[in-house]
Every structure is written in C-alpha cells, then in structure tokens.
Amino acid sequence: MDWLNALIQGILLGGLYALFAAGLSLIFGVMRLVNIAHGDLIVLAAYMGLTTTIVLGVHPFVAMLLVIPAMALFGYVLQRGILNQTLGDDLLPPLLVTFGLSVIIQNALLEVYTADPQKMDAGALETASVSVGGLSLGILPLMTFGIAVVIIAGLQFIFYRTALGRAFRAVSDNQDIAQLMGLNRRHVFGLAMALALAVTAIAGILLGIRTSFDPSIGGGRLIFGFEAVIIGGLGNLWGTLAGGVILGAAQTLGAKIDPGWQLLAGHIVFLFILAIRPNGLFPRISG
Amino acid sequence: MPEPILNIDRLDAYYGDFQALYGVEMTVQEGEVLAIIGSNGAGKSTLLRSISGLMDNDADQIRYRSEPIGRLRADQIAKKGIALVPEGRQLFPSLSVEENLVIGGQVGRKGPWSLDKVFKLFPVLEERRSVASTSLSGGQQQMVAISRALMSNPDLILFDEISLGLAPVIIKSIYDALPGIVGEGMSAVIVEQDITKALSVSSRVYCLQEGRVSLTGLSDAVSREEISRAYFGVEQ
C-alpha cells in the first residue's frame, strides 16, 4: 500500500512537472529556442503571485487571474524586444541570452525578496484530502494534476484546431514560406512566448503553494522541465505530460527506497530512457 | 501605355558577398502573363524572391502599383496582393492539405478564390483535403502550392519552376489549368526551364543570364537564335 501511495503521489506530482515542461516544449517546438531562463521565469511567477496575495489579500488562485496576463504580456515584450533578435541559423545566441536572462532574474529577485524561502498561503486547501480506497490523496496535488491535464488539452486544441496553432506550426515548419502567407514571424513568436509564459504563470503559482521557494531554485525546475520534455518526446504535448508523470513517479518511488534517492532516481530514469529511446517515448506526431 | 502593375528598376541582389542580380529592369503589365527564362543560377528565383520580399532590397528598386515595396517584409507584400508559388512547392509538412490552403487564405484579401473554388480547379485536392500534405504525390503537392497562393486572392502571382520534377502528363494538366487562373484578371510571372512551354503561355518573355537581363521581347516574336544567344551568352 505504501508503494502504491508513493506511485500515485508521484503521478500527481508529474502534473506539476508537465506544467513546467509545457512552456519549454512549446517554445522549442515553435521557434527552436532553448529557454535557459524558463525555471527562473517559473520562480518569477511564484513571486508575482506572492506579492499579489499579500498586497491584495487574495487567495493564490485569484492571484493567478492577474499573474497569467502579466506573464503573457512580459513574454510578448521579451520576445519582440530581445529574443527575436537572437534567433537565426545559430543556436548559440539564444542560449547565451536566455542564460544571461536567468542570471538577471535570479539577482533581481534576490535584491527585491532576499534569499529567505517564501511560501504562498492557500489556506485549508493545502492540507485538505480525500480518502480513496484506503489511500489519502491531497486535494491540491489532485487539482494540480487536473489543471495540468486541462492545460495540455487546451494547448493541444490551440495547436491543432485554431488559426493561431496553424500559424505556430507553419512558422515552425518554414519561416520564409509562412512569411509569404502574411504571417509576421516576429509577432507569431511573440504570441508563442506569451502563451508559454501564461502556462508558466500557472506552474509558478502551483509550485509556490506546494512548496517553499527562494530565488535560487529556478535551475532545478528547469532540469525537471527538460527531463519531462525529453522523456515524453520533443514536440508532443501529451508525451510531455507522460514524461512529467514518469519523472514524478520515479522521484517519489526513489524517495520511498531512500529519501536521499529522490532526485537521483528521477535523473537515472531520465538517462535510462534517453539511452534506449533517444527521441523520447512519444516522438512528434502530427495532429 | 497604362501604368504597369510591377516596375523593377536597376535591381541588384546579394547573398552575402555574392551578387546574384545586376541592375535588372523589368515591368509587368496589368493582366499579362510574363515568362522569365534562363539557365540554372541565372538569378530567376532570386528575382522572384526579391519581388515577394524574401530578399533585402532598396525601397525604390521594386514598385508595385507605383508604391515602393523593396523594403517591405514578405508578409506585408503578401497583404498587398503578390503571391509566390515557391520552387520545390514547399508545403507545410505539419499541416493537412486543407490547412495548407486555409493558411493561404488567412492573408485576408477578398476576391474570387475560396476553398470551394480551388477544389473545383483541382478536384483531387477535395478528396484528399484531410491528409497530411507530405503524403501527396509531387503533382498534387504542386496543385496545393498553386492553390495556396490563389487562396490569398493576389493581383500578381509568381510561379517559380512549377513543372520542375513532375511527370509530363502532370505538367500538362497544371498548365491546362493556367488560363482559368489568369483569366480572372490576375497578372502572372512564370519562371520556367522549358522554353517552349514558357513562350506558349506568355505574352512577353525576359531572359536572364548571370544576373542580367539578356533579352526581352514578345513571346511570339523572339527567334530561336536570339534565345540561345541570350540563354547561353555565346554566338552559335
């Protein structure tokens, strides 16, 4: 029973990892940009949520309504203002620039919020649970997983059923030809980053309710996001969810064997899958 | 003479240090079909890429309906009514046949062309509307590429090597469809390797040689000798 419990907790945790990964996956899929600052943007969103809850005295889920559009707007401006200039045939400039961005965000957060760990207060929701067949499942992890499924389904819908998604795929396929179709790729990229950071806002706030955070934890979230994307297969959003679930389950099962093995078990499973299936478990499918 | 729809004035084009076009002068009249011929590397595709905004040019080097468009981006030019059917078809592999067509129509210009109308022109595309564009034959892909350009309801359509790599029977069916396309009052520029084909569908012809215009004339008036001289640059 303990093992089953650990497995289920891990699966639910995987929902959060899938949310970390979804924005990363979307950005790479549309514009071949590896965003090193992604983890720090998640932490930034958590701090924005924290400030909103404290200043306005609202619940973190209400704060989301403000943080999501704010992060989306930030994403669009960031893309049009800086990141578009780095995109080209060379993969190195966007890597370097987003690495620099990561350093800047971390230090700015340190300056404003200090290095003390913070946590968002979600009230009774944090400890509420339901009992299912002898297992006690936290409402918050269940909600996180549910949100992750809804977000992935929503992104999938946008990608394959809307004009915006068509533009994303067309620009990803061939930027020049997409331009001939009247699509300004700089604008399309801006919209992709806005969407990715809107998802990041949700991920950051859920993270900030679940655990305490400080300005330095972005790197770790980036790694989890990367691992989920790679396990699932690049460019496949449902695969990303599966990747998050596998990573989460590996971590909690590892922790069950020995608490010190939590992160290690996740990394080992990641490396194992990378070794046997270098393209991930579910490589890109076309809708 | 009426104002030409497109006026190219001393156009130079570069790929890095390499100069691909040298002082090209060209006009396209409203409603005419213009052919551009020339050997590989003569600059034909570069010329079409310049017109459609995929190359950087000076503003005044290309004028469309008297407006300088040389500096505009390709998406801005597409919205003004110039469409390119690119060499090698270049469909979007992640998009279905229908999505490839719809995205062409997304430019947002009004006109006679719609999904129904291109399906009438190429009925096979309607049967295969929901399959991935990569699963079509070369000829069908070319039909999609042409239809995708038509969906934007352009006033000027540029065809780059539409018969390249296709079977003769397919080439014939595509050229048979051409009068129905330009009959709508559209102007067209056709880049074609097959000189006989190019001359038969066009009213005027330009020959490019090493980035320069080496011959212009009425398609039914230019002689074989003139063309081979302009094409190869040697006296025969």
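This is a predicted model: local features need pLDDT of at least 70, side-chain atom pairs count only at pLDDT 80 or more; totals for chains, interfaces and linings use all residues.
Call two residues in contact when their C-beta atoms, placed from the backbone, lie within 7 Å.

**Chain A**

Among the contacts in chain A with a separation of 6 or more, 76% come from residues 24 or more positions apart. The chain holds 11 helices and 2 strands, and from the N terminus on the elements go α-α-α-α-β-β-α-α-α-α-α-α-α. Its radius of gyration is 19 Å, close to the 19 Å that the globule rule gives for 287 residues, so chain A is as compact as a globular protein of that length. Along the principal axes, the C-alpha atoms fill a box of roughly 60 × 45 × 30 Å. As for burial, 50% of the 287 residues count as buried.

Helix α5 of chain A (residues 139-161) is worth a look. This helix has 23 residues and spans 32 Å from its first C-alpha to its last, close to the 33 Å expected at 1.5 Å a residue. Its buried residues are A:Pro141, A:Thr144, A:Phe145, A:Ala148, A:Ile151, A:Ile152, A:Leu155 and A:Phe159. What do the buried residues of α5(A) pack against? The partners are α1 (2-31), β2 (135-138), α6 (163-173), α8 (185-210) and α10 (237-257), which belong to chain A.

**Chain B: the sheet and the hairpin**

Over in chain B there's an open sheet of 6 strands with mixed pairing, in the order β6-β7-β8-β3-β9-β10. At the edges stand β6 (82-85) and β10 (212-218) of chain B; each has a single partner strand, so one side of each is left without a neighbour in the sheet. On average, and ignoring direction, neighbouring strands are turned by 15 degrees against each other.

| Strand pair | Sense | Bridges | A bridge partner pair |
|---|---|---|---|
| β6(B) and β7(B) (residues 156-160) | parallel | 4 bridges | B:Leu84 and B:Leu158 |
| β1(B) (residues 6-15) and β2(B) (residues 18-28) | antiparallel | 7 bridges | B:Leu11 and B:Val24 |

Helix α6 (residues 138-150) of chain B packs on the sheet, where it touches β6 and β7 of chain B. The direction of α6(B) makes about 175 degrees with that of β6(B).

β1(B) and β2(B) form a hairpin with 2 residues between them. In the turn, B:Gly16 has a positive phi of about 60 degrees.

**A residue in the sheet**

B:Ile190 is found in strand β8 (residues 187-191) of chain B. Is B:Ile190 buried or exposed? The cut-off for buried is 20 or more other C-beta atoms within 10 Å, and B:Ile190 has 26, so it is buried. Leaving out residues up to four places away in sequence, B:Ile190 touches B:Val33, B:Ala35, B:Phe159, B:Ala198, B:Val201 and B:Ser202. As for B:Ser223, B:Ile190 is 33 residues from it in sequence and 19 Å from it in space, C-alpha to C-alpha.

**Where the chains meet**

Chain B puts 21 residues into the contact and chain A puts in 16 residues. On the chain B side, the elements that give two or more residues are α2 (74-80) and α3 (97-105) of chain B. Of these, α2(B) gives the most, with 4 residues. Sorted by class, that side of chain B has 11 nonpolar, 6 polar and 4 charged residues.

Terms used: Residues are numbered from 1 along each chain as its sequence is written. Chains are lettered from A and ligands numbered from 1 in the order in which they are written. Ala, Val, Leu, Ile, Met, Phe, Trp, Tyr, Cys and Pro count as nonpolar, Asp, Glu, Lys and Arg as charged, and the others, Gly among them, as polar. The radius of gyration is taken over C-alpha atoms; the globule rule is 2.2 Å times the number of residues to the power 0.38. A residue is buried if 20 or more other C-beta atoms lie within 10 Å of its own, exposed if 12 or fewer, and partly exposed in between; C-beta atoms are placed from the backbone. Two strands pair if DSSP finds at least two bridges between them. Axes are lines fitted to C-alpha atoms, for helices over the stretch in contact, and angles run from 0 to 180 degrees between N-to-C directions. The expected span of a helix is 1.5 Å times one less than its number of residues.
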